[in-house]
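Student: I would like to learn how to read a model like this one. Could you walk me through it?

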Amino acid sequence: MNIPRLQIGRWEFPLPLVSGGMGVKISGWQLVLAVLEESCLGTLTSMGLGDLSHGMSGTHFVTTSRAALQYELSQLRARTDRPFAVNVMGALSNVDDLIATAVQGGANIIVYGAGIPRALPAVVEDPDVALVPIISSARLAGIILKRWEHYRRIPDAFIIEGPLAGGHLGFSLDQLEHLEDFTLESILQQTLEVIKPYEDACGRKIPLITAGGIFTGDDIARMLSLGASGVQMGTRFVATHECPVAMEFKREYLNARPEDVRIIKSPVGMPGRVIANEFLRQLQGGDIPAPSCPFHCITSCERDAAGFCIAERLDNSYKGDVANGLIFCGANAPRVTRIMSVHELVTELMDGVRASTLTLPHAH
Ligand SMILES: Cc1cc2nc3c(=O)[nH]c(=O)nc-3n(C[C@H](O)[C@H](O)[C@H](O)COP(=O)(O)O)c2cc1C
């Protein structure tokens, strides 16, 4: 297969591969830079940055998060002129502040997940900044397209995250028990149908980028042959030398067996996929002390019901205290067998795409 370029708004990437935003510091500037240098799109996280100690007030939380994102952006911009994305989460209480900070700091693309970006075009008016919602159903694509008619804007792309992805999942616990009804392939087909009238009306393509469970070059070729314009991957980028997460975290991926991968109910109010560990065992046994939280980073947070603070637990894992942390992962984490460089990973994947005998569909 000839490898197609990926176009998102006015930004073009030679390879149709995106490294996903991974919260609480995982997709930091070091990983994003390495991905950009391989001619792919890298996504910087804006979540859980800085030292968010629990003694902090709400105002201090906003200023600390802003300063930490400014630092990440400045590190990246000091080293590259290539376009990159920043991932924000709709459920964050400071989401608009993070978006403004990202745009001021030179982000070219805003990727918006964990919430419906109803008013995003009013928050980011600059037409050069591409707006990319993350969706988990064709229905949500339809809702956003209809809503954005009000702003005379269409999304510059959608990321379709299927049920095998890492991090928070846009599916109910019940849906996750019936994975055969919610395949990434079927959501892609349905979304292609929903966007078609909008593409015809505006005379341009709305690229669809699929994510969740994509592991090999063959998987990428299959998604492209089904009509995706690109793919996003998370799990495999965690298992790279450049990912700034602690080696103990990466080792959990190397050691994970299929039966270790679990779905939990996160305080965010969404399910999340994790690797079972000591923390999860204590949580299930009711042995975790009740969390305190003065800054309320997530508007929908159900920390009392869930019994833990997600920012704190993800941060523990990031730093290497995996026994007391939450280890987010995609369904394919048990397939990770070694840590490699981003260069090796992208080369392996693209060799796989080139070797594929599948063909690209005609432009729709
Ligand atoms: C450790 C981890 C953390 C993640 N955190 C986020 C996040 O903060 N925001 C987000 O939109 N997606 C998040 N994701 C999802 C990824 O961006 C990506 O879409 C997904 O992992 C793709 O599936 P894969 O892991 O099978 O490649 C996370 C994934 C992982 C593995």
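**Reading the model step by step**

Tutor: Helices (H or I, at least four residues) and strands (E, at least two) are DSSP runs, numbered from the N terminus. Residues are numbered from 1 along each chain as its sequence is written. This is a predicted model, where local features need pLDDT of at least 70 and side-chain atom pairs count only at pLDDT 80 or more, while totals for chains, interfaces and linings use all residues.

Student: Which residues of α8 are buried?

Tutor: A residue is buried if 20 or more other C-beta atoms lie within 10 Å of its own, exposed if 12 or fewer, and partly exposed in between, with C-beta atoms placed from the backbone. In α8 (residues 217-225), seven of the nine residues are buried: Gly 217, Asp 219, Ile 220, Ala 221, Arg 222, Met 223 and Leu 224. They pack against β10 (208-211), β11 and α14 (342-355). Contact here means that the C-beta atoms of two residues, placed from the backbone, lie within 7 Å.

Student: Where do the buried residues of α10 fall, seen down its axis?

Tutor: Helix α10 (residues 247-255) has Phe 249, Lys 250, Glu 252 and Tyr 253 as its buried residues. Seen down the axis, these fall within an arc of 145 degrees, so they line one face of the helix. The arc is that of the directions from the helix axis to the C-beta atoms. The face turned away from the buried side carries the exposed residues Met 247 and Asn 255. On the buried side, the packing partners are α9, β13 (271-275) and α13 (310-319).

Student: What is the strand order in the open sheet?

Tutor: Strands of a sheet pair through backbone hydrogen bonds, either parallel or antiparallel. Two strands count as paired if DSSP finds at least two bridges between them. Here an open sheet of three strands runs in the order β9-β13-β12, with antiparallel pairing. The edge strands, β9 and β12 (261-265), each pair on one side only. Between β9 and β13 there are two bridges, and His 168 stands opposite Gly 272 in β13.

Student: How is the chain divided into domains?

Tutor: Domain bounds come from an automatic or database domain assignment. The division gives domain 1 (6-244 + 338-355) and domain 2 (248-324). Their contact takes 26 residues from domain 1 and 23 residues from domain 2. On the domain 1 side, α2 (58-77), β9 (167-168) and α6 (173-176) are the elements that give two or more residues.

Student: Which residues come nearest to the ligand?

Tutor: A residue is near a molecule if its C-beta atom, placed from the backbone, lies within 6 Å of it. Of the 29 residues around the ligand, Gly 20, Gly 23, Gly 166, Gly 234 and Gly 330 come nearest. At least two shell residues each are supplied by β5 (85-89), β11 (230-233) and α9 (235-238).
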